[in-house]
Amino acid sequence: MNPFLRSLLAVVTLVIVAMAQTLPLAGAPPAGDNAAFASQTAPAMLLAGQTNLVTVRMVNRGTTTWRAADHYFLGSMNPADNLIWGFNRVSLSAEVAPGQTAAFHFEIVAPLAAGSYGLQWQMTREGRGFFGQPSSNASIRVLSAEAPDRALDRQSLPLARADPLTNDAVFISQTVPTLLPIGGIAPVTITVRNTGTTTWNETARYRLCAINPIDNRTWAARRVFLRSPVPPGASYTFSFPITAPTVAGSYNFQWMMLQEAVGRFGLPTPNVVIQVTDTTAPPPSFTHQPANRTVAAGTAAEFTAVASGTPSPALRWQSKAPAAADFSDVAGANSGTFVTPALLLADNGTQFRCVATNAAGSATSAVATVSVTVPGIPPGFTLQPLNKTVVAGATAEFTAAASGTPPPTLRWQSKVPGAPDFSDLAGAIDATYVTSALLLADNGTQFRCVAANSAGTATSAVATVTVSGSAPSFTLQPTNASVFEEQTATFTAAAAGTPAPTLQWQSKAAGAGQFADIAGATTGTYVTPALTVADHNSQFRCRANNAAGTAYSAVATLVVSNSPPGFKRIHPKMELQTGDTVVFLGDSITYQALYTQYFEDFVYTRFPDRRILFRNAGVANDRATNALVRFNDDIAAFRPKYVTLLLGMNDGGYRDFDKPTFDTYQRNMGTLFDRIAQLGAVAVPITPTMHDGRAARMRNTPSEPRDTLYNGVLGLYGAWLREAAFTRGLGFADVYSPLNHATTDGRKTDAFFTLIPDGIHPDPPGHVIMVVALLADLGLCSPVSSILIQDKAGQLTATADNGQLADFSAGDKISFTFTANALPWVLPAEARPSYRRACAGTSHSLEKITVQNLAPGTYELRIDGTSVGAYSDSQLAIGIELQENELTPQFQQALRVAQFNKDKNANAVRPLRKWWEQLRDKRLELDKAIAEHDPNLPAKRAAFAAWLLTFQSGVATLQTLVTSFEDQIYQANQPPPRRYELLRVNPAARTR
């Protein structure tokens, strides 16, 4: 037997055996998502950085259809979601129904480091996880591209997939027309790549052959010949003319590679359907036109049209409603006779026409109009308006419905107490009428609805509104404040009332006559701008107002003293508003996108009413000097309000303190501060993170410092940053000290404890320690919400902070509706141990409910019908913290927000930052060529310019993906009203 045929038979046998071993037995497929591995082709050996084609085939063994729109992908495994081969997802090229096989053809890029790497894949559905059987694990040996003693040179490595088949090809591109006249001639091109191990040439009779059907002569050519040999790995473009058939119609155009006497091989080109038209034949014409129709309401109308033409034209009906701008196709109406559905009075005047189309053109029939007539039926109310009870300041909603022929029009009327009769309400002509905000004076007002048509008039039942409420009273008074000049002062007040009162802060300068409103100061806390000595003895108070009345708080006086010597005001708090942009500038620790992700999680849940933009500007191995190179494009282009700077780990050179190195760091950081200030933005320097020398020694990594005190060097860099911030009046955050403290504390009980396993890059718990400190230093910590229920004058009442409380009742159970202004700060599971260790829930995300004066016993708390815990009356009197209760709906909502943000950083932000790392490296390569007067410099400049276009396209695509994730986050982070219920389930035992 021919050796080639023998090897081919062996491969086919192995593939069949492999498929038999991996495919599940016949029978009912498992419910939901499931997959079976069918086959896989991959090379056994590659050079570092070499690309290679891989094919993986998976069988849909589930009951769902795999669609790209439903986020089905082939995902990398071993480990899950690895980026060993340059990416971790492969998209579907078409829908895959249950029982069908999906073929994934894609190129991998070998890692730059030599070694053996696993290649394994498994089906995944984003947001739900991996499923089904993974592919077999292929071990691929990667050889160093530079090592002189490598076992094989480039010519000995395979240029295609590790497949014993000699011939193979993949489609690259084609240019094909989709419309030609009969007999028309047009040029086409088809480009394919040789992915086999043989060279294509005319001597061995390699050709491009027509398929669909096999060897067809539809286009006057069934073979296209090679003009030059095509070695393995090379691409070849076939350019040839085609001639259209002599009969009009739709024809297939598809090709694939062939070796005569051996057979066709490789992947076929995508099929293109080319429409061939007869330009000499006359277009269709109508021999019978549709006519106008008059029908009764509830019956159908029939329209008929007949058209002639060669070939016989296809028909489609169109309609145009009286108020429509133009005609539109009627779904399924494709024959000469069209029968409408049952028509209504609203269909009166609708127009219909028919369109005939064939290869020679199209024609439109005359327009036919339908008239719909119905006898009149007097109105009658099928839904009556009901009485309403509301609190002052709320609206009342009334609804009514009436039947009749023709459909009656509606108008609402009202009668205030003492008025002689009802009067029409302007513009109230819908089935539902919503009043404006009601006052106590509106108590007892009556409403009714009048229905009228051509057959008569009817009046609904009368509905009465009851308005109740209580005037505001202050439960927390503002207190005097004493500050230095250039500092701010904070005043706090809280007021109760029904409905919940609005707040307005007022101020009065020393010696002024009256208090005046402070623009925008409408929350329970007012923070002044930076103060001067001229503000000394100013007074502040808060006004509370609702529909039941107005109340004023106590007056607080401000004392402003001269600043102590050498005082420089530091930006004490990051003030974030809608439209603000925060840029995180840094090195590989910022590129990890963990402390930045957790910071974003906090802002997304704490300020859901504000659209804040975040931009990660971290690049692995960067120093301050690299940040200056990319400053305009990577920082200034986003017009930030705040720029955090986490730089220094690489700047110190991983060695003992060196004065020239430190001077360079100071100079470059100072330049960054200046350029940020020129943007009108606030710079927020962050101390370098801790270097864990013990962890580095345990890893036994010679390339990293093990015998130096590099952590002390970083401490010195951070101390200089602190003084620079004091001098310049910048924001400032210290993450170095908390990381050192947490590490020292952990090693009291575990000698191997570390938050920085490789000595440089903190793990997720380490990043939590960082962001807890960052949020505290930037003054962003504040409670999520607080609910207080207590006895007043023998009656339980409820007040709330940072949210709106309504519908409170205290009978057999306590119940109310609470709409919070924020969600709790929830992190992914891998980050929560440090979150709890740092007590971040209480300090950064307090969500508390306190209920006092309850009868002794155990009480169950339900939120939106879900039981979230049982508590004693004494526990409730002290206060229950809910921010870390995973049973609450608000915790689960915040967790979904965190997951969306985690997906954003993993699938969009980190790949985007990888582009910037490549840009830095390519710039350095070009700079080196310039410095060394490289003779190939013009070619390298041109290659860099071409790559820049790819860079810009890749960055733009990923930035669009970031925005898409942000849209999802801001849809998911809006707190809805939630229903709270507190029920006594076990009375306390009584002692005799």
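**Figure 1. Confidence along the chain of the predicted model.** In this predicted model, the chain has a mean pLDDT of 87, with 92% of its residues reaching 70 or more. Confidence is lowest in helix α1 (residues 3-22), where the mean is 33, and highest in strand β49 (residues 581-586), where it is 97. The pLDDT is below 50 over residues 1-30, a stretch that has 23 contacts in the model beyond near neighbours in sequence. Over residues 146-164 the pLDDT likewise stays under 50, and the model has 38 contacts for this stretch beyond four places in sequence. Where pLDDT is low, the predicted coordinates should not be read in detail.

**Figure 2. Close-up of the largest nonpolar core and of a second, separate one.** The largest nonpolar core holds 79 residues, and L585, F599, M669, L672, F673 and W825 are those that touch the most other members. Helix α8 supplies the largest share of this core, namely 8 residues. In soluble globular proteins, nonpolar side chains tend to be buried together. Leaving aside residues up to four places away in sequence, L585 touches T590, A617, A627, R630, I635, V643, T644, L645, L646, L647 and L672.

**Figure 3. Close-up of helix α9 and its surroundings.** Within helix α9 (residues 736-746), the buried residues are Y736, L739, N740, A742, T743 and G746. When the helix is seen down its axis, these buried residues fall within an arc of 165°, and they therefore line one face of α9. H741 and T744, on the other side of α9, are exposed. The cover over the buried residues of α9 includes α8 (710-728) and α10 (764-777).

**Figure 4. Close-up of strand β48 and its pairing partners.** Strand β48 (residues 556-561) has a covered face made of A556, L558 and V560, whereas T557, V559 and S561 form its uncovered face. In a regular strand the side chains alternate between the two faces of the sheet. Strand β40 (residues 481-484) runs parallel to β48 and is joined to it by 4 bridges, and A481 has L558 of β48 as its bridge partner. Strand β46 (residues 539-546) pairs with β48 in the antiparallel sense over 2 bridges, with T557 in β48 as the bridge partner of Q539.

Figure 5. Strand β57 (residues 847-851) pairs with β60 in the antiparallel sense over 2 bridges, and the bridge partner of K848 in β60 is E881.

**Figure 6. Close-up of cysteine residues.** A search of the whole structure finds 0 disulfides. For C839, the closest cysteine sulfur is that of C781, and because the two sulfur atoms are 13 Å apart, they are too far from each other for a bond. C449 has a relative accessibility of 0% and so counts as buried, the cut-off being under 20% relative accessible area.

Conventions:
Residues numbered from 1 in each chain as written. Predicted model: local features only at pLDDT ≥ 70, side-chain atom pairs only at ≥ 80, totals over all residues. Heavy atoms only, no water. Buried < 20%, exposed > 50% of the residue type's maximum accessible area, 1.4 Å probe, protein only. Arc of directions from axis to C-beta. Contact = heavy atoms within 4.5 Å. Pairing = 2+ DSSP bridges. Disulfide = S-S within 2.5 Å. Core = buried A, V, L, I, M, F, W, Y, C linked by side-chain atoms within 4.5 Å. pLDDT = per-residue confidence, 0-100.
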